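Dear colleague,

Please find the structure below for your study. My notes on its sheet, cores and salt bridges follow.

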Amino acid sequence: MSPKLLNLGFGNSVVSNRVIAIIAPDAAPVKRLRDEAREEKRLIDATKGRRTRSLVITDSNHVILSAIQSETLAQRYSPNFTLAKDEIEEQEE
């Protein structure tokens, strides 16, 4: 059985069973978490130069930045989620 992937946008994915949390980047504690991860070389930027709209925390304590909103990622994370390719492309723009 192959692992399920969570699409983070722009061709980036993470193994879904490694995800601990999907959070919005607005709060000060989240910004500190991102800064600490950057200093400790645990930060992965999957935004492709766009504005960070969510952070994905993994069980290995890595922090992944995504340009996709946290609500959208949470929907993609749910087991019953199906999304047409056209809808994915619209959300990434």
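Which residue forms a salt bridge with Arg 18? The partner is Asp 59, and the closest N and O atoms are 2.6 Å apart. A salt bridge here is a side-chain nitrogen of Lys or Arg within 4 Å of a carboxyl oxygen of Asp or Glu.

Before going further, please note that this is a predicted model, in which local features need pLDDT of at least 70, side-chain atom pairs count only at pLDDT 80 or more, and totals for chains, interfaces and linings use all residues. Residues are numbered from 1 along each chain as its sequence is written, and side-chain values use heavy atoms, with hydrogens and water left out.

Salt bridges

The structure has three salt bridges by this rule. Asp 59 lies in the loop between E5 and E6, whereas Arg 18 lies in the loop between strand E2 (12-15) and E3, so the pair links parts of the chain 41 residues apart. Helices (H or I, at least four residues) and strands (E, at least two) are DSSP runs, numbered from the N terminus. Asp 59 is partly exposed, at 43% relative accessible area, and so is Arg 18, at 39%. Buried means under 20% relative accessible area, exposed over 50%, and partly exposed in between (1.4 Å probe, protein chains only).

In helix H1 (residues 28-39), Arg 38 and Asp 35 are three residues apart and therefore separated by about one helical turn. Their side chains meet in a salt bridge (3.6 Å, N to O). Arg 42 forms a salt bridge with Glu 40, with 2.8 Å between the closest N and O atoms; Arg 42 is buried, at 13% relative accessible area.

The sheet

Four strands form an open sheet with mixed pairing, in the order E3-E5-E6-E4. Two strands pair if DSSP finds at least two bridges between them. Strand E3 (19-23) and strand E4 (43-45) stand at the edges with a single partner strand each, so one side of each has no neighbour in the sheet. E3 and strand E5 (residues 54-58) run antiparallel and are joined by four bridges. In this pairing, Ala 21 stands opposite Ile 57 in E5.

The cores

The largest nonpolar core has nine residues, including Leu 6, Val 19, Val 56 and Leu 73. Such a core is a set of buried Ala, Val, Leu, Ile, Met, Phe, Trp, Tyr and Cys residues joined through side-chain atoms within 4.5 Å. Another core, of six residues, lies apart from it and has Ala 37 and Ile 57 among its members.

Yours sincerely
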